[in-house]
Structure formats: C-alpha cells, structure tokens
Amino acid sequence: GLRPIGSGLGLHPNLRWLKEQHDQKRLATVLGIGEPTKDHSHFSCMARWMGGRAGDPPYTDGWLGRYLDELGNDPIGGVALGNQGVPLALRWRAGTVIGLPVIGDLFGADKLRDDGSTKPVIHAHRALRGFGATGLSDTADRLMMALAEAIDVAVDVNPTFEPTVSESLPQFVQDMELAARVINLDVGGRVVHVEDLGFDTHASQRPEHDNMLRVLDQGLERFAN
C-alpha cells in the first residue's frame, strides 16, 4: 500500500493528502536530515534539535527564536500552541513568545464576563500598568506588567477560538486548525509552533504508528484548507 513518490521512495499508505501535494509539486522531500550524535538520550537529542546547535546542551535559545531575533518582531511574532509552555526552539534573546493554550476562555479576553467575577481584577492590572510600579518590589512590578501584557494579548488572540473547534477531532487536527486561525488573524504572528506528542511508542507500534500518520495527514490538510 506504499504511495510511491519516485526514486525508489514512498510515503506511508495513510499519507493520502501529502501524496496528492507531492503529485501537484507542492511538497518537496529532503533526504539525510538527522541528529548525528546518537548518545541515546531523549533529552539532549531534543535539545540539539530545538537549539539547532552542534555543541553540547544546555542552550539558552532555539533556531526559530534566533530567526525571530533577526526579524525583530513584536511579542506575537512567535506563538507556541499547546499546554506545554514555550519550547526551546522558540526561545530568543530580544523578546518573548506567546504561549497559547488550545482551549478558549483566556483570562482577560472577555472583560465583561456576565457574572463580573474577573472584571475588577482585569481593570486593576490595567490601572497599575499606567502607574508603571506597584510600590511593592521589582518582582511585583515585573509580575504586574506580565499579567497586563497577557490580558492585552488575550484580547487580540481570543477570536482564534471562535467558533469553537470541534472536540470530536483528534487533538493534533484541532491544534492545526487553531494554528491556521492564528495566522489568518493577522496580528503579527510569523512563527506558530504546534506539538504532537506520541511518536515514542513502546508497544502495538504498527497500529499506533499507522494512526498517528493518519492524524498527521488530516491535521496538515485541515491547516492548509
């Protein structure tokens, strides 16, 4: 059931849409990509992939973060979708990256919540930002500014979650739809990072791998569409 793409190469049977893109010359295949160290450590190998450096970790920035450094974008230039925080690949020196959860109801996005429970807190943070200092400590000032900025960003990106993405879809497919919405929102996003956790299988590998590649194909197709 392999889907041939020429030169003795083929795609997995479940990569239907990717095969169509290849046939339409919208997909290229790059051979020989790898991580040469082979030290059998999940953690240092992932750090090298994300850091994009040949030396030994730890690293303080990632290859996509250095790209953002060169662009000099605003904070929404890089967006990390998911609940895992901002990955090393997106860390950069000159600014920050937005960590965007894959669920809606962002704190501060709905400033006029019906029950009014968060409205005073949101207005308090915004008012404090106008003073520039809390009068408590440098740490409190940084926390206040971070929360105020998070509220502003939440307002900007909240339309990403409307309408609600169908929860019947696999998580990766949902995330890829949100990634497309972040781009279409056109608020400055240049790099959107999406994680798919699970290729490190230990049992039932054939059915697990078949299903993961099917979901990969579905997610990329939904993103493109």
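A nonpolar surface patch here joins Val, Leu, Ile, Met, Phe, Trp or Tyr side chains within 5 Å, each from a residue with over 30% relative accessible area and no salt bridge. Everything below comes from a predicted model, where local features need pLDDT of at least 70, side-chain atom pairs count only at pLDDT 80 or more, and totals for chains, interfaces and linings use all residues. Residues are numbered from 1 along each chain as its sequence is written, and side-chain values use heavy atoms, with hydrogens and water left out.

**View 1. A nonpolar patch made by V30, I33, M46 and W49.** Together these four put about 460 Å² of accessible area on the surface (Shrake-Rupley method, 1.4 Å probe, only the protein chains shown counting as cover). M46 sits in helix α2, residues 42-51 (helices are DSSP runs of H or I, at least four residues; strands are runs of E, at least two; both are numbered from the N terminus). M46 counts as partly exposed because its relative accessibility is 44% (buried is under 20%, exposed over 50%, partly exposed in between).

**View 2. The largest pocket, with a volume of about 930 Å³.** On a 1 Å grid over the protein atoms alone, a pocket is an open set of points where a 1.4 Å probe fits, with protein on both sides within 12 Å along at least five of seven lines; lining residues have an atom within 4 Å of a point. Of the 25 lining residues, M46, M50, E195, D196 and L197 lie nearest the centre. Helices α2 and α3 (63-71) and strand β5 (191-194) each give two or more residues to this lining, and α2 has the largest share with 6.

View 3. K19 is buried at 15% relative accessibility, while D23 is partly exposed at 48%.

**View 4. The salt bridge between D61 and R53.** Here the N to O distance is 3.1 Å. D61 is buried at 2% relative accessibility; R53, at 34%, is partly exposed.

**View 5. E177 and R181 in helix α6.** The closest N and O atoms of this salt bridge are 2.7 Å apart, and both residues are buried. A search of the whole structure turns up 10 salt bridges.

Conventions: Patch = residues over 30% accessible without salt bridge, like charges linked within 9 Å, V, L, I, M, F, W, Y side chains within 5 Å. Salt bridge = Lys/Arg side-chain N within 4 Å of Asp/Glu carboxyl O. Buried < 20%, exposed > 50% of the residue type's maximum accessible area, 1.4 Å probe, protein only. Points joined across faces, edges and corners; volume = space filled by probe spheres on them.
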